[in-house]
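Welcome! Take a look at the sequence and the model, and then read on.

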Amino acid sequence: MADSLIMPGDRVVLLGDQFAVELADRESFVSTIEAAGATMESRGRCGAESATFVIPGDLEQDDVVLLCLGMIDSLRGDRHLDRFKTELEGILDRMPANQVVLVSPVPLEVEAGDDPVLASNRAIAVGLFADAVRTTAHRNQLHFIDLHGPLRHAESLEGIARDGMHLDANGWSIADQEILWQLGLRAEPPDLRISPVTPSHATAHDEAIARFETIEVDLYSGKVGLPPLPGSTKSPPVENEPEAMTWDSALACVQRAAGTNDDHDGVDSLRSCMDVL
């Protein structure tokens with residue numbers, strides 16, 4: 001097992017979007033953090049994105065921060081990618097904590113009744129944002145936890161998401177254990193072959209998520225429009241539809257990735273764009 005990033009006496013602070021909110025509600029995650037002699041505080045906010053992200057004023061230099069951003073940003077499409085990278089760098093510059101762990105967004109899952117083209121484009125977009133989180137972490141020499149890759153390859157007959165973007169009990173059975181493993185608090189990585197959760201566990205999960213806000217699902221479905229960003233003079237389209245990735249644009253993406261000099265960018269961008277090709 002790798003050396004633990006969490007030491008006795010540490011305060012672990014969860015920041016970010018609804019993923020951070022739900023992670024703080026996972027008993028197995030919380031109990032493992034506490035067993036390591038640390039405390040945990042949840043400061044996540046449903047619907048959080050990079051351009052309007054607020055750093056809590058009571059963060060301290062010795063805190064261990066898990067920062068979970070990128071899912072809501074990805075709904076703005078790949079045209080928002082450059083701004084996301086800039087905003088994420090700005091957040092890190094303002095972060096007082098010495099130890100920040102960046103966590104990738106989870107993959108989107110195509111649900112029954114979804115427009116297959118729109119759903120596929122969104123899935124590709126979130127992959128690009130996951131790549132951006134990884135690249136930013138490496139550039140700043142920060143620890144990175146990849147959930148997008150492992151969960152894309154999870155084997156589950158029932159899927160891993162309850163609404164296309166938020167994990168169900170099956171998805172969480174991998175995600176929280178993957179995080180603990182990458183923090184050095186678990187000896188082995190979780191098995192990506194998911195056994196169906198028991199009805200009692202599924203019911204408990206459903207009861208837990210009923211407490212969460214619906215803003216992210218509303219944004220994802222288009223029921224609520226994405227708000228204008230600071231510094232933007234245009235309101236986003238009501239459909240919130242990311243720009244469709246064509247064969248030519250996907251090919252160009254692969255060519256750019258293959259030609260990069262960054263050891264990490266090439267592999268991650270290729271993974272996202274090959275879905276189209």
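## A buried glycine and its surroundings

Gly184 counts as buried, because its relative accessibility is 4%, and buried means under 20%. Please keep in mind that this is a predicted model. You can find Gly184 in the loop that runs between helix 7 and helix 8 (199-209). Along the chain, Gly184 and Ser4 are 180 residues apart, yet their C-alpha atoms are separated by 4.0 Å.

Now for the wider view. The protein chain has 11 helices and 5 strands. Its residues number 277, and 53% of them count as buried. If we take the contacts between residues at least 6 apart in sequence, 77% join residues at least 24 apart.

| Residue | Location | Relative accessibility |
|---|---|---|
| Gly184 | loop between helix 7 and helix 8 | 4% |
| Asp176 | helix 7 | 1% |
| Ile124 | helix 5 | 6% |

Asp176 touches Leu23, Arg26, Ser28 and Phe29, leaving aside residues up to four places away in sequence. For Ile124, the C-alpha atom is separated by 9.4 Å from that of Gly77, a residue 47 places away along the chain.

## The nonpolar cores

In soluble globular proteins, nonpolar side chains tend to be buried together. Which residues touch the most other members of the largest nonpolar core here? They are Val12, Leu14, Phe19, Phe29, Leu66, Ile179 and Leu183, out of 43 residues in that core. Among the elements that give two or more residues to this core are strand 1 (11-16), helix 1 (18-23), helix 2 (27-35), strand 3 (64-68) and helix 7 (169-182). Helix 7 supplies the largest share, 5 residues.

Leu14 has contacts with Ala20, Leu23, Ala24, Phe29, Met40, Glu41, Ser42, Arg43, Gly44 and Leu66, again not counting residues up to four places away in sequence. There is also a second, separate core of 25 residues, and Ala48, Ile55, Val65 and Leu81 are included in it.

An α-helix has 3.6 residues a turn, so residues three or four places apart point the same way.

## Helix 4 against helix 5

Two packed helices are described by the angle between their axes and the distance between the axes. Helix 4 (residues 81-94) and helix 5 (residues 116-139) pack at an angle of about 35 degrees, and their axes are 10 Å apart. Their crossing is right-handed. Helix 4 makes the contact through Leu81, Phe84, Lys85, Leu88, Glu89 and Leu92, while helix 5 uses Leu128, Phe129, Ala132, Val133, Thr136 and Arg139. By type, the residues of this contact are 8 nonpolar, 1 polar and 3 charged.

Methods: Residues numbered from 1 in each chain as written. Predicted model: local features only at pLDDT ≥ 70, side-chain atom pairs only at ≥ 80, totals over all residues. Heavy atoms only, no water. Axes fitted to C-alpha atoms, helices over the stretch in contact; angles between N-to-C directions. Left-handed = near helix turned anticlockwise from the far one by under 90°. Contact = heavy atoms within 4.5 Å. Nonpolar A, V, L, I, M, F, W, Y, C, P; charged D, E, K, R; others polar. Core = buried A, V, L, I, M, F, W, Y, C linked by side-chain atoms within 4.5 Å. Buried < 20%, exposed > 50% of the residue type's maximum accessible area, 1.4 Å probe, protein only.
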